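Subject: structure handover

Hi,

Here is the structure I promised to pass on.

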Amino acid sequence: MAELSACPICNLTVLSHELERHANSHFDDEDIDIDFQLAQQISLVPSTPPFIIPVDDVMQCETSSRKNQESSSSKFEAKNCSPGVNGVTEKPGILSSVKINETHPQIGQGLMDLLRNCLELETEKTTTILCDFVDHFQSIPSEDFGWGCGWRNIQMLSSHLLKQRQEARAVLYAGSGFVPDILSLQRWLEIAWERGFDKQGSEDFDKAIYGKRNWIGTTECATLFRSFGLRARIVDFVSREIGIRASGVGKCVGKMAPQVYGPMDKYLSKKKNDVSEAVSTSYDVKVKPKVQQALIDWVWNYFSDNKFTKSGNHGIRVSQKAPLYFQHDGHSRTIVGIQIKCQSNGAMQYTLLILDPSHTTESLAKSLKGNFGWQKLIKRGVHTLKKPLYQLCFLDPGIASGEEIENLKYLHSVRVEV
(Lines give C-alpha, C1' and ligand atoms only; values in the text may rest on other atoms or scores of the structure.)
Protein backbone atom coordinates (compact mmCIF):
# COMPACT_ATOMS: atom_id res chain seq x y z
CA MET A 1 0.00 0.00 0.00
CA ALA A 2 1.46 3.32 -1.09
CA GLU A 3 2.02 5.83 1.72
CA LEU A 4 0.86 9.35 0.96
CA SER A 5 1.73 12.67 2.54
CA ALA A 6 0.57 16.27 2.23
CA CYS A 7 2.89 19.00 0.97
CA PRO A 8 3.48 21.52 3.82
CA ILE A 9 3.28 24.40 1.31
CA CYS A 10 0.42 23.69 -1.09
CA ASN A 11 -1.30 20.81 0.76
CA LEU A 12 -1.24 18.66 -2.39
CA THR A 13 -1.19 14.94 -1.57
CA VAL A 14 1.76 13.10 -3.11
CA LEU A 15 3.52 9.79 -2.63
CA SER A 16 5.66 9.97 0.52
CA HIS A 17 8.87 9.09 -1.29
CA GLU A 18 8.25 12.06 -3.62
CA LEU A 19 7.36 14.56 -0.88
CA GLU A 20 10.79 16.15 -0.40
CA ARG A 21 11.31 16.59 -4.15
CA HIS A 22 7.84 18.07 -4.52
CA ALA A 23 8.33 20.46 -1.59
CA ASN A 24 11.65 21.66 -3.03
CA SER A 25 9.94 22.38 -6.36
CA HIS A 26 8.12 25.33 -4.73
CA PHE A 27 11.37 27.22 -4.35
CA ASP A 28 13.06 29.35 -6.96
CA ASP A 29 16.02 31.68 -6.91
CA GLU A 30 13.83 34.64 -5.92
CA ASP A 31 13.03 32.92 -2.67
CA ILE A 32 16.65 32.77 -1.52
CA ASP A 33 16.54 36.19 0.12
CA ILE A 34 13.51 35.12 2.17
CA ASP A 35 15.31 31.97 3.29
CA PHE A 36 18.34 34.00 4.26
CA GLN A 37 16.36 36.44 6.39
CA LEU A 38 14.76 33.57 8.28
CA ALA A 39 17.72 31.18 8.33
CA GLN A 40 18.45 31.89 11.96
CA GLN A 41 14.98 30.60 12.87
CA ILE A 42 15.47 27.20 11.27
CA SER A 43 16.58 25.42 14.42
CA LEU A 44 13.51 26.75 16.24
CA VAL A 45 10.99 25.29 13.82
CA PRO A 46 9.38 22.20 15.40
CA SER A 47 9.49 18.98 13.43
CA THR A 48 6.18 17.69 12.13
CA PRO A 49 5.56 14.14 10.92
CA PRO A 50 4.16 13.56 7.42
CA PHE A 51 0.39 13.67 7.21
CA ILE A 52 -0.98 10.33 6.02
CA ILE A 53 -3.70 10.59 3.36
CA PRO A 54 -6.50 8.02 2.87
CA VAL A 55 -5.84 5.38 0.22
CA ASP A 56 -8.86 6.57 -1.78
CA ASP A 57 -6.79 9.49 -3.08
CA VAL A 58 -3.88 7.35 -4.34
CA MET A 59 -4.58 7.68 -8.05
CA GLN A 60 -4.89 11.45 -7.91
CA CYS A 61 -1.64 11.72 -5.94
CA GLU A 62 0.27 9.41 -8.26
CA THR A 63 -0.72 11.51 -11.26
CA SER A 64 0.35 14.78 -9.60
CA SER A 65 3.57 13.26 -8.31
CA ARG A 66 4.50 11.82 -11.69
CA LYS A 67 3.99 15.18 -13.42
CA ASN A 68 6.11 16.91 -10.77
CA GLN A 69 8.89 14.32 -11.07
CA GLU A 70 9.12 14.84 -14.81
CA SER A 71 9.58 18.59 -14.40
CA SER A 72 11.94 18.60 -11.42
CA SER A 73 14.24 15.60 -11.79
CA SER A 74 14.87 15.90 -15.53
CA LYS A 75 15.71 19.61 -15.44
CA PHE A 76 16.95 19.83 -11.85
CA GLU A 77 15.35 23.25 -11.55
CA ALA A 78 13.06 24.75 -8.92
CA LYS A 79 9.72 25.67 -10.44
CA ASN A 80 7.79 28.72 -9.37
CA CYS A 81 4.54 28.04 -7.55
CA SER A 82 2.46 30.37 -5.41
CA PRO A 83 2.61 29.20 -1.79
CA GLY A 84 -0.31 29.08 0.57
CA VAL A 85 -1.07 31.70 3.20
CA ASN A 86 1.67 30.51 5.53
CA GLY A 87 4.06 29.46 2.78
CA VAL A 88 6.62 32.21 3.27
CA THR A 89 7.15 31.64 6.97
CA GLU A 90 7.14 27.86 6.58
CA LYS A 91 9.87 27.69 3.94
CA PRO A 92 12.89 27.58 6.27
CA GLY A 93 11.18 24.84 8.23
CA ILE A 94 10.71 22.67 5.17
CA LEU A 95 14.34 21.55 5.29
CA SER A 96 13.92 20.08 8.74
CA SER A 97 10.23 19.19 8.92
CA VAL A 98 9.88 17.11 5.75
CA LYS A 99 10.86 13.67 7.00
CA ILE A 100 11.84 12.01 3.72
CA ASN A 101 15.28 10.48 3.21
CA GLU A 102 17.32 10.81 0.05
CA THR A 103 16.14 7.91 -2.07
CA HIS A 104 18.83 5.29 -2.59
CA PRO A 105 18.83 1.53 -3.14
CA GLN A 106 18.34 -0.59 -0.04
CA ILE A 107 20.63 -3.62 0.14
CA GLY A 108 19.48 -5.25 3.37
CA GLN A 109 22.72 -6.01 5.19
CA GLY A 110 24.85 -2.88 5.54
CA LEU A 111 27.46 -2.24 2.87
CA MET A 112 30.29 -1.97 5.39
CA ASP A 113 29.22 -5.27 6.96
CA LEU A 114 29.38 -6.88 3.53
CA LEU A 115 32.84 -5.40 2.98
CA ARG A 116 34.06 -6.72 6.32
CA ASN A 117 32.77 -10.18 5.42
CA CYS A 118 34.74 -10.17 2.16
CA LEU A 119 37.90 -8.95 3.88
CA GLU A 120 37.55 -11.78 6.40
CA LEU A 121 37.64 -14.27 3.54
CA GLU A 122 40.92 -12.99 2.08
CA THR A 123 43.77 -15.46 2.38
CA GLU A 124 46.68 -13.02 2.49
CA LYS A 125 47.90 -11.74 5.84
CA THR A 126 46.90 -8.10 6.09
CA THR A 127 45.86 -5.46 8.60
CA THR A 128 42.77 -3.46 7.72
CA ILE A 129 41.18 -0.48 9.48
CA LEU A 130 37.62 0.34 8.47
CA CYS A 131 34.99 2.90 9.31
CA ASP A 132 31.85 1.63 10.92
CA PHE A 133 28.50 2.30 9.25
CA VAL A 134 28.55 4.20 5.92
CA ASP A 135 25.76 4.24 3.34
CA HIS A 136 26.68 4.44 -0.34
CA PHE A 137 25.04 7.17 -2.42
CA GLN A 138 25.32 6.90 -6.18
CA SER A 139 25.10 9.56 -8.85
CA ILE A 140 21.90 9.18 -10.86
CA PRO A 141 22.10 9.65 -14.67
CA SER A 142 18.84 11.59 -14.87
CA GLU A 143 19.73 13.88 -11.96
CA ASP A 144 23.39 14.52 -11.15
CA PHE A 145 25.69 12.27 -13.15
CA GLY A 146 28.83 14.16 -14.13
CA TRP A 147 28.58 16.92 -11.52
CA GLY A 148 27.03 15.60 -8.30
CA CYS A 149 29.88 13.50 -6.88
CA GLY A 150 30.70 16.11 -4.21
CA TRP A 151 27.13 16.15 -2.92
CA ARG A 152 27.01 12.34 -2.92
CA ASN A 153 30.17 12.18 -0.82
CA ILE A 154 28.64 14.66 1.63
CA GLN A 155 25.66 12.32 1.86
CA MET A 156 27.98 9.38 2.60
CA LEU A 157 29.73 11.29 5.38
CA SER A 158 26.35 12.41 6.71
CA SER A 159 25.06 8.84 6.85
CA HIS A 160 27.99 7.90 9.09
CA LEU A 161 27.64 10.92 11.36
CA LEU A 162 23.90 10.45 11.82
CA LYS A 163 24.36 6.78 12.70
CA GLN A 164 27.59 6.78 14.71
CA ARG A 165 27.81 10.18 16.43
CA GLN A 166 24.92 11.07 18.68
CA GLU A 167 26.15 14.62 19.20
CA ALA A 168 26.30 15.15 15.43
CA ARG A 169 22.85 13.66 14.91
CA ALA A 170 21.42 16.22 17.32
CA VAL A 171 22.70 19.21 15.33
CA LEU A 172 22.95 18.06 11.71
CA TYR A 173 20.17 19.35 9.48
CA ALA A 174 18.27 20.81 12.46
CA GLY A 175 18.10 17.42 14.14
CA SER A 176 15.97 15.92 11.36
CA GLY A 177 17.83 12.60 11.61
CA PHE A 178 17.96 11.87 7.89
CA VAL A 179 20.29 12.46 4.93
CA PRO A 180 18.85 15.26 2.75
CA ASP A 181 18.71 15.17 -1.03
CA ILE A 182 21.01 17.35 -3.14
CA LEU A 183 18.56 20.24 -3.47
CA SER A 184 18.16 20.44 0.30
CA LEU A 185 21.93 20.24 0.82
CA GLN A 186 22.29 23.16 -1.57
CA ARG A 187 19.84 25.16 0.55
CA TRP A 188 21.77 24.30 3.71
CA LEU A 189 25.00 25.49 2.08
CA GLU A 190 23.40 28.80 1.13
CA ILE A 191 22.21 29.23 4.71
CA ALA A 192 25.76 28.55 5.91
CA TRP A 193 27.07 31.26 3.58
CA GLU A 194 24.47 33.75 4.83
CA ARG A 195 25.51 33.01 8.40
CA GLY A 196 29.05 34.04 7.50
CA PHE A 197 30.73 30.68 6.87
CA ASP A 198 33.30 30.90 4.06
CA LYS A 199 32.13 34.27 2.72
CA GLN A 200 35.06 34.37 0.33
CA GLY A 201 34.16 31.00 -1.15
CA SER A 202 30.51 31.94 -1.53
CA GLU A 203 31.50 34.73 -3.91
CA ASP A 204 32.72 32.11 -6.38
CA PHE A 205 29.12 30.92 -6.70
CA ASP A 206 27.51 34.38 -6.54
CA LYS A 207 26.24 33.26 -3.12
CA ALA A 208 23.67 31.02 -4.80
CA ILE A 209 23.89 27.32 -5.64
CA TYR A 210 20.34 26.01 -5.20
CA GLY A 211 19.14 24.15 -8.30
CA LYS A 212 22.48 24.59 -10.07
CA ARG A 213 24.90 22.00 -11.41
CA ASN A 214 28.14 23.54 -10.24
CA TRP A 215 30.88 21.22 -9.11
CA ILE A 216 31.78 21.52 -5.46
CA GLY A 217 34.86 20.53 -3.49
CA THR A 218 36.27 20.13 -0.02
CA THR A 219 35.69 23.75 0.97
CA GLU A 220 31.95 23.45 0.37
CA CYS A 221 31.90 20.15 2.27
CA ALA A 222 33.76 21.70 5.20
CA THR A 223 31.62 24.84 5.13
CA LEU A 224 28.39 22.87 5.26
CA PHE A 225 29.47 20.72 8.22
CA ARG A 226 31.08 23.64 10.06
CA SER A 227 27.81 25.56 9.94
CA PHE A 228 26.39 22.90 12.28
CA GLY A 229 29.34 23.18 14.65
CA LEU A 230 31.22 20.15 13.34
CA ARG A 231 34.99 20.51 13.29
CA ALA A 232 35.57 19.89 9.58
CA ARG A 233 39.17 20.40 8.42
CA ILE A 234 40.95 20.37 5.07
CA VAL A 235 44.41 19.02 4.30
CA ASP A 236 46.25 19.44 0.97
CA PHE A 237 48.93 17.19 -0.51
CA VAL A 238 51.00 18.88 -3.19
CA SER A 239 54.49 18.83 -4.67
CA ARG A 240 56.51 22.02 -4.30
CA GLU A 241 57.30 21.81 -8.01
CA ILE A 242 53.72 21.72 -9.20
CA GLY A 243 52.45 24.30 -11.68
CA ILE A 244 48.93 24.18 -13.09
CA ARG A 245 47.84 25.32 -16.53
CA ALA A 246 44.25 25.35 -17.70
CA SER A 247 44.80 24.09 -21.24
CA GLY A 248 41.17 24.63 -22.23
CA VAL A 249 41.48 28.42 -21.98
CA GLY A 250 45.23 28.77 -22.42
CA LYS A 251 45.92 30.74 -19.28
CA CYS A 252 47.80 29.94 -16.11
CA VAL A 253 45.63 29.29 -13.10
CA GLY A 254 48.55 30.02 -10.82
CA LYS A 255 50.29 28.51 -7.83
CA MET A 256 48.38 28.13 -4.64
CA ALA A 257 48.68 30.62 -1.80
CA PRO A 258 49.57 28.87 1.45
CA GLN A 259 47.07 28.50 4.28
CA VAL A 260 44.08 29.92 2.44
CA TYR A 261 42.13 27.38 0.42
CA GLY A 262 43.05 23.98 -0.93
CA PRO A 263 44.77 23.94 -4.32
CA MET A 264 41.84 22.18 -5.97
CA ASP A 265 39.59 25.14 -5.28
CA LYS A 266 41.60 27.37 -7.58
CA TYR A 267 40.17 25.66 -10.64
CA LEU A 268 37.55 23.16 -9.51
CA SER A 269 33.92 23.70 -8.50
CA LYS A 270 33.55 27.38 -9.22
CA LYS A 271 30.83 29.32 -10.98
CA LYS A 272 32.58 29.33 -14.36
CA ASN A 273 32.95 25.55 -14.26
CA ASP A 274 29.40 24.42 -14.81
CA VAL A 275 29.22 20.98 -16.42
CA SER A 276 28.36 22.67 -19.69
CA GLU A 277 31.61 24.66 -19.57
CA ALA A 278 34.07 22.15 -18.14
CA VAL A 279 37.71 23.21 -18.39
CA SER A 280 40.31 20.54 -19.05
CA THR A 281 43.57 20.75 -17.12
CA SER A 282 47.12 19.62 -17.67
CA TYR A 283 50.10 19.57 -15.36
CA ASP A 284 53.65 20.75 -15.83
CA VAL A 285 55.14 17.86 -13.86
CA LYS A 286 54.07 14.37 -12.95
CA VAL A 287 53.03 13.42 -9.48
CA LYS A 288 55.95 12.70 -7.20
CA PRO A 289 56.06 9.44 -5.24
CA LYS A 290 56.49 11.56 -2.11
CA VAL A 291 53.02 13.06 -2.61
CA GLN A 292 51.50 9.60 -2.88
CA GLN A 293 53.32 8.40 0.22
CA ALA A 294 52.46 11.50 2.23
CA LEU A 295 48.78 10.96 1.45
CA ILE A 296 48.90 7.26 2.31
CA ASP A 297 50.81 7.87 5.55
CA TRP A 298 48.32 10.55 6.60
CA VAL A 299 45.31 8.31 5.93
CA TRP A 300 46.89 5.40 7.85
CA ASN A 301 47.70 7.62 10.84
CA TYR A 302 44.21 9.13 10.76
CA PHE A 303 42.39 5.83 11.00
CA SER A 304 44.87 4.15 13.36
CA ASP A 305 45.06 7.08 15.81
CA ASN A 306 41.83 6.10 17.51
CA LYS A 307 40.18 3.50 19.69
CA PHE A 308 38.89 0.65 17.58
CA THR A 309 37.30 -2.72 17.97
CA LYS A 310 38.59 -5.92 16.43
CA SER A 311 36.36 -7.67 13.91
CA GLY A 312 37.05 -11.40 13.51
CA ASN A 313 40.47 -13.01 13.44
CA HIS A 314 41.86 -11.57 10.24
CA GLY A 315 43.46 -8.34 11.39
CA ILE A 316 40.36 -6.25 10.68
CA ARG A 317 39.74 -3.33 13.01
CA VAL A 318 36.77 -1.01 13.07
CA SER A 319 37.64 2.62 13.70
CA GLN A 320 35.43 5.24 15.30
CA LYS A 321 36.77 7.82 12.86
CA ALA A 322 34.51 9.29 10.19
CA PRO A 323 35.15 8.56 6.51
CA LEU A 324 37.22 10.99 4.46
CA TYR A 325 36.07 13.22 1.60
CA PHE A 326 38.74 12.53 -1.04
CA GLN A 327 39.18 15.17 -3.79
CA HIS A 328 41.35 15.34 -6.86
CA ASP A 329 41.11 16.96 -10.27
CA GLY A 330 37.72 16.18 -11.81
CA HIS A 331 36.28 13.80 -9.23
CA SER A 332 35.79 13.10 -5.54
CA ARG A 333 35.21 9.88 -3.61
CA THR A 334 34.90 8.68 -0.01
CA ILE A 335 37.69 6.82 1.78
CA VAL A 336 36.22 4.32 4.25
CA GLY A 337 39.38 2.49 5.27
CA ILE A 338 42.93 1.43 4.51
CA GLN A 339 44.72 -1.91 4.29
CA ILE A 340 48.40 -2.75 4.76
CA LYS A 341 50.28 -5.88 3.70
CA CYS A 342 53.89 -6.83 4.34
CA GLN A 343 55.45 -8.01 1.08
CA SER A 344 58.10 -10.72 0.74
CA ASN A 345 60.86 -8.12 0.40
CA GLY A 346 59.80 -6.50 3.68
CA ALA A 347 58.21 -3.46 2.05
CA MET A 348 54.75 -2.37 3.17
CA GLN A 349 52.00 -2.25 0.56
CA TYR A 350 49.10 0.12 1.26
CA THR A 351 45.64 0.01 -0.30
CA LEU A 352 42.89 2.58 0.12
CA LEU A 353 39.31 1.34 0.50
CA ILE A 354 37.05 3.74 -1.35
CA LEU A 355 33.35 4.18 -2.10
CA ASP A 356 32.84 5.89 -5.46
CA PRO A 357 29.56 7.72 -6.24
CA SER A 358 30.01 6.88 -9.92
CA HIS A 359 29.45 3.19 -9.12
CA THR A 360 25.92 1.97 -8.60
CA THR A 361 24.99 0.76 -5.14
CA GLU A 362 23.45 -2.33 -6.72
CA SER A 363 26.71 -3.33 -8.42
CA LEU A 364 28.68 -2.80 -5.20
CA ALA A 365 26.24 -4.87 -3.15
CA LYS A 366 26.09 -7.64 -5.76
CA SER A 367 29.89 -7.95 -5.97
CA LEU A 368 30.26 -7.96 -2.18
CA LYS A 369 27.48 -10.46 -1.60
CA GLY A 370 29.03 -12.77 -4.19
CA ASN A 371 32.61 -12.01 -3.07
CA PHE A 372 33.56 -11.49 -6.69
CA GLY A 373 34.95 -8.39 -8.43
CA TRP A 374 34.49 -6.05 -5.47
CA GLN A 375 38.23 -5.41 -5.27
CA LYS A 376 38.15 -3.55 -8.60
CA LEU A 377 35.37 -1.30 -7.30
CA ILE A 378 36.68 -0.56 -3.80
CA LYS A 379 40.44 -1.19 -3.55
CA ARG A 380 42.84 1.47 -4.79
CA GLY A 381 46.59 0.93 -4.53
CA VAL A 382 49.26 3.61 -4.33
CA HIS A 383 50.04 3.11 -8.01
CA THR A 384 46.58 4.46 -8.90
CA LEU A 385 47.33 7.83 -7.29
CA LYS A 386 48.52 9.60 -10.42
CA LYS A 387 47.22 13.12 -9.77
CA PRO A 388 49.71 15.76 -8.59
CA LEU A 389 47.25 17.38 -6.17
CA TYR A 390 44.97 15.81 -3.58
CA GLN A 391 42.71 17.13 -0.85
CA LEU A 392 41.00 15.50 2.10
CA CYS A 393 38.20 16.81 4.28
CA PHE A 394 38.03 15.18 7.70
CA LEU A 395 35.99 15.73 10.84
CA ASP A 396 37.44 15.95 14.31
CA PRO A 397 35.15 14.72 17.11
CA GLY A 398 32.95 16.99 19.19
CA ILE A 399 30.73 20.00 18.56
CA ALA A 400 32.08 23.56 18.61
CA SER A 401 30.40 26.37 20.52
CA GLY A 402 30.89 30.02 21.38
CA GLU A 403 34.03 31.64 20.00
CA GLU A 404 35.08 28.43 18.26
CA ILE A 405 31.99 28.65 16.05
CA GLU A 406 33.11 32.09 14.91
CA ASN A 407 36.58 30.75 14.14
CA LEU A 408 35.09 27.96 12.04
CA LYS A 409 33.68 30.56 9.66
CA TYR A 410 37.17 31.12 8.25
CA LEU A 411 38.58 28.26 6.23
CA HIS A 412 42.27 27.44 6.18
CA SER A 413 43.82 24.26 4.92
CA VAL A 414 46.69 22.33 6.42
CA ARG A 415 49.18 22.06 3.59
CA VAL A 416 51.51 19.08 3.18
CA GLU A 417 54.22 20.01 0.68
CA VAL A 418 56.75 17.37 -0.32
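When I say two residues meet or touch, I mean that they have heavy atoms within 4.5 Å of each other. Keep in mind that this is a predicted model.

First, the overall picture. The protein has 14 helices and 15 strands, and 55% of its 418 residues count as buried. Taking the contacts with a separation of 6 or more, 76% are between residues 24 or more positions apart. The accessible surface is about 18600 Å², and carbon and sulfur atoms hold 50% of that.

Helix 6 covers residues 149-164, which is 16 residues. From first C-alpha to last it reaches 23 Å, close to the 22 Å expected at 1.5 Å a residue. Of those 16 residues, 14 are buried, so the helix is mostly covered, going by a cut-off of under 20% relative accessible area.

Its partner is helix 10, residues 218-226. The two pack at an angle of about 35 degrees with their axes 11 Å apart, and the crossing is right-handed. On the helix 6 side, the residues involved are Ile154, Leu157, Ser158 and Leu161, and they meet Cys221, Leu224 and Phe225 of helix 10. Sorted by class, that contact has 6 nonpolar residues, 1 polar and no charged ones.

Helix 10 itself is mostly covered, with 9 of its 9 residues buried. Among them are Thr218, Glu220 and Arg226. What do the buried residues of helix 10 pack against? Besides helix 6, the list has helix 8 (182-194), strand 4, strand 10 (324-328), strand 14 (389-399) and helix 14 (403-408).

Next, the loop between helix 10 and strand 4 (230-238), where Ser227 lies. Ser227 has a relative accessible area of 6%, which means it is buried. Setting aside neighbours within four places in sequence, Ser227 touches Ala192, Arg195 and Phe197.

Gly229 is in the loop between helix 10 and strand 4 as well. Gly229 counts as buried because its relative accessibility is 1%. Again leaving out neighbours within four places, Gly229 is in contact with Gly398, Ile399, Ala400, Ile405 and Leu408. Gly229 and Glu404 are 175 residues apart in sequence, yet their C-alpha atoms are 8.6 Å apart in space.

Elsewhere, Arg116 sits in helix 5 (residues 111-120). Is Arg116 buried or exposed? It counts as buried, since its relative accessibility is 10%. Arg116 and Leu130 are 14 residues apart in sequence and 8.2 Å apart in space, C-alpha to C-alpha.

Last, some backbone angles to look at. Most residues other than glycine have a negative phi. Tyr173 is not a glycine, but its phi is positive at about 50 degrees. Tyr173 lies in the loop between helix 7 (166-171) and helix 8, and with a relative accessible area of 0% it is buried. Asn371 also has a positive phi, near 50 degrees. Asn371 is found in the loop between helix 12 (361-369) and helix 13 (374-378). The relative accessible area of Asn371 is 32%, so this residue is partly exposed.

That's what I have for now.

Cheers

Notes:
Residues numbered from 1 in each chain as written. Predicted model: local features only at pLDDT ≥ 70, side-chain atom pairs only at ≥ 80, totals over all residues. Heavy atoms only, no water. Helix = DSSP H or I, 4+ residues; strand = E, 2+ residues; numbered from the N terminus. Expected span 1.5 Å × (residues − 1). Buried < 20%, exposed > 50% of the residue type's maximum accessible area, 1.4 Å probe, protein only. Axes fitted to C-alpha atoms, helices over the stretch in contact; angles between N-to-C directions. Left-handed = near helix turned anticlockwise from the far one by under 90°. Nonpolar A, V, L, I, M, F, W, Y, C, P; charged D, E, K, R; others polar. Areas by Shrake-Rupley, 256 points an atom, 1.4 Å probe, with all protein chains shown as cover.
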